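User: Hey, can you walk me through this one? I'd like to start with the ligand site.
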Amino acid sequence: MENYPYVITISSEKGGVGKTTIATNLAIYLKALSEDLPVSIFSLDNHFTIDKMFAFKGQPVRGDVADLLLETRGSELLHTGQFGVNYIPSSSQLADLRNSIKGPMVLARLLAGSCISGILIVDTRPELDILTQNALYASDRVIIPVKDMPSLENCRNIFDLFDKRGLDKKSLSLIPCLVDARIKFNGPFRDQKTLLRAYATNRGYRCSDIFISKSPKVEGLNTNPEGRIYPILTHARGTEVYNQFSNLARQVLQEYRQTDTPRSLLFQNWLESEEERKKEAYESRLSRLKPDCLLCNHVLSGEQGVDVSYYYETSDGAAAGFLEEKCFTDFLLSAIYNLDKKMDADNQVRLMFQDSSRESFFILKTRNNGEEPAVEFSRYTLKGTLLARKLYPLREYEGRLLSREKSTLHVLVSETLGDYRGPIRDTFLLIHPVNPKNPHSILHEDNYKTFNRLMHNMAEGSG
Ligand SMILES: Nc1ncnc2c1ncn2[C@@H]1O[C@H](COP(=O)(O)OP(=O)(O)OP(=O)(O)O)[C@@H](O)[C@H]1O
Ligand SMILES: [Mg+2]
């Protein structure tokens, strides 16, 4: 498990339930129990409790949690802290970063590649924002402190989120916190912790048999003239909380030791298999490309001088390939707009036409138009708004007898959609602009997904 952290997140949407107290003190207790075990901690909240507790006076800071989210490797951000606990310094920039976090799996990926060993504890904000969701997704174990009914009710959102994402809820565990032993009830639920546990179990939530008492001594650990925050382990000996933390740490350690493969390693394995799958899918998309331009038979090997600007694919996937910029512009000018295709390459009208074509995609579909076969040609904006639609007769040759030329419309259609004289297939041809500097990028996983979605939408809309 070296280089793959076992991740524990402390989370609750309710503020002031003891998250940060558990996160920081659990780290210290774990280290005290197992000296050789690397224990690390960071906070996704914008306060600096962790830094106040673990940083040595005057310790230089090299990067913080924001850098982790901006793809710096986690192990490079770890600072050796007090009590032998490693910490990543906190950041006040996280709010700005939230919008740039794409999806709930970013932190899982970053931790899988973090090279952090041992146990990593993540403290969170009292909010189920995208950062907390990321921490939950990356965790082997989630500790949810509850101190009263409102905080218990709030847990529902975390459990619902796990349901929604298909995650194993066994990793979630509630822990009654700030339990005031003086509060007693009549009836079956004698005290706060029994009541909270009973309500939790009733709702199907797993609840720890350990609880943390409310202790004035613990409360006072962060109020002192030095402005420091003292640990329970060193400054609250003799209290119930001291022993409760000891039990909690033992339990966590046992679960850690029973875990063969932490989520970060599982995630890394999954990422690698995903990479392999993406590579294979990309190669299969490459292998079915027609090697030359449909319209001029120029070999499109991507060498200099050949401007590949359009990608085409039929809706049944039977034909796919690239078209040269010049050929496709000629085709549009003559076959579709009935203009002179023999304009010079630097002709302003032609250049404007060329540029505006790149802002569109095109659909060609064969139609049975009474006696004569025909092609329906549609032009759309890149956002999918229909700009023009027209029916063209499908003839093999165009022009007069002496100046007869093979029809490019006919070439495009017969080479992709098949023989128009046979039964008309329920397919269409989609021609989409590509980045001329890197035409194959349209076949990369995410771009191809977008292209496929467009194909799908067009198939739904056509008929
Ligand atoms: N066992 C305890 N006994 C008494 N006071 C406690 C105990 N645990 C935490 N506290 C106090 O309760 C307050 C809230 O604790 P803490 O900051 O750990 O909660 P939190 O859930 O992290 O809060 P936030 O949601 O604002 O981040 C603090 O003043 C802390 O000192
Ligand atoms: Mg906190």
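Analyst: Helices (H or I, at least four residues) and strands (E, at least two) are DSSP runs, numbered from the N terminus. This is a predicted model: local features need pLDDT of at least 70, side-chain atom pairs count only at pLDDT 80 or more, and totals for chains, interfaces and linings use all residues. Residues are numbered from 1 along each chain as its sequence is written, with chains lettered from A and ligands numbered from 1 in the order in which they are written.

User: Which helices each supply at least two residues of the shell around ligand 1?
Analyst: That would be H1 (19–33) and H10 (216–219). H1 gives the most, with 3 residues.

User: And how many residues surround ligand 1?
Analyst: 17, and the closest are Gly15, Lys19, Thr20, Thr21 and Pro126. A residue counts as near if its C-beta atom, placed from the backbone, lies within 6 Å of the molecule.

User: Switching topic, how do H1 and H12 cross?
Analyst: Their axes come within 9 Å and cross at roughly 70 degrees, with H12 covering residues 240–258. Axes here are lines fitted to C-alpha atoms over the stretch in contact, and angles run from 0 to 180 degrees between N-to-C directions. H1 and H12 are therefore roughly perpendicular, a label for angles of 65 to 115 degrees.

User: What about domains, where are the bounds?
Analyst: The domain assignment, automatic or from a database, gives domain 1 (6–272) and domain 2 (289–461). Their C-alpha centres lie 57 Å apart.

Note on methods:
Angles under 35 degrees count as roughly parallel, over 145 as roughly antiparallel, 65 to 115 as roughly perpendicular and the rest as oblique.
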